[in-house]
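Some notes for a colleague who will work from this entry. The points follow the figure.

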Amino acid sequence: MKHVKITCPYCGSKALLRPAKAVRSGAESDEKVYVCARYPVCDAYVAAHRENGLPMGTLADRPLRRKRQEAHRALSRFWECGYMSRKEAYRWLQIQLGLPEAETHIGHFSEYRCEQVIRLCGHFLGAQPQAA
Ligand SMILES: [Zn+2]
């Protein structure tokens with residue numbers, strides 16, 4: 001497990017790698033999160049990858065976590081509904097946003113970017129012929 005040094009973008013405190021149960025009681029015992037040292041005063045955290053312990057993005061407060069989840073849900077409809085593969089959907093998003101591949105991760109997006117994703121996905125899905 002790698003421990004990376006990251007700081008909270010909201011308050012500048014250190015982020016600590018802790019069991020996800022510390023922030024989400026329903027989390028599984030092997031799940032980990034990077035959480036602001038001032039939690040819960042500062043409500044910012046981000047999940048860590050199980051395989052390597054690296055953060056999945058930047059620390060996010062509740063409104064930003066919600067937006068990222070919403071953006072993920074919007075994009076995942078692309079492959080859940082069979083319009084494209086997951087890989088193609090991320091490639092599509094990358095082109096729409098004009099971002100390099102390495103930066104096209106919803107876990108790194110701001111609320112503004114998430115809104116853009118949700119809007120773009122809505123336009124795409126709205127333009128598809130409805131399944132009979
Ligand atoms: Zn903080």
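How much area do domain 1 and domain 2 bury between them, and what share of it is on carbon and sulfur atoms?

1. The model is predicted. In it, domain 1 and domain 2 bury about 520 Å² between them, and 33% of that area is on carbon and sulfur atoms. On the side of domain 1, Asp43, Tyr45 and Thr58 lose the most area to domain 2; together these residues make up 63% of what that side buries.

2. The domain assignment places residues 1–59 of the protein chain in domain 1 and residues 62–126 in domain 2. Taken over C-alpha atoms, the centres of domain 1 and domain 2 are 23 Å apart. Contact between them involves 7 residues of domain 1 and 6 residues of domain 2.

3. The polar part of the interface can be listed briefly. Across the interface of domain 1 and domain 2 there are 2 salt bridges, and 4 residue pairs are in polar contact, both residues at pLDDT 80 or more. Sorted by class, the side of domain 1 that touches domain 2 has 4 nonpolar, 2 polar and 1 charged residues.

4. Asp43 also takes part in a salt bridge: its side chain meets that of Arg65, with an N to O distance of 3.1 Å.

5. The zinc ion has Cys8, Cys11, Cys36 and Cys42 as its protein donors, each through SG, at 2.3 to 2.4 Å. Angles among the 4 donor atoms run from 96 to 116°, and the site is tetrahedral. Along the chain, the donors have the spacing C-x2-C-x24-C-x5-C.

Notes:
Residues are numbered from 1 along each chain as its sequence is written. This is a predicted model: local features need pLDDT of at least 70, side-chain atom pairs count only at pLDDT 80 or more; totals for chains, interfaces and linings use all residues. Side-chain values use heavy atoms; hydrogens and water are left out. Domain bounds come from an automatic or database domain assignment. Contact means heavy atoms within 4.5 Å. Buried area is the accessible area (1.4 Å probe) that two parts lose on being put together, summed over both. A salt bridge is a side-chain nitrogen of Lys or Arg within 4 Å of a carboxyl oxygen of Asp or Glu. A polar contact is a pair of N or O atoms within 3.5 Å; within protein, one must be able to donate a hydrogen and the other to accept it, and residues adjacent in sequence count only if both atoms are side-chain atoms. Ala, Val, Leu, Ile, Met, Phe, Trp, Tyr, Cys and Pro count as nonpolar, Asp, Glu, Lys and Arg as charged, and the others, Gly among them, as polar. Donors are N, O and S atoms within 2.8 Å of the metal (3.2 Å for Na, K and Ca); water is not among the atoms, so sites may look incomplete. Four donors count as tetrahedral if all angles lie between 85 and 135 degrees; four count as square planar and six as octahedral if opposite donors are over 155 degrees apart and all others between 65 and 115; anything else is irregular.
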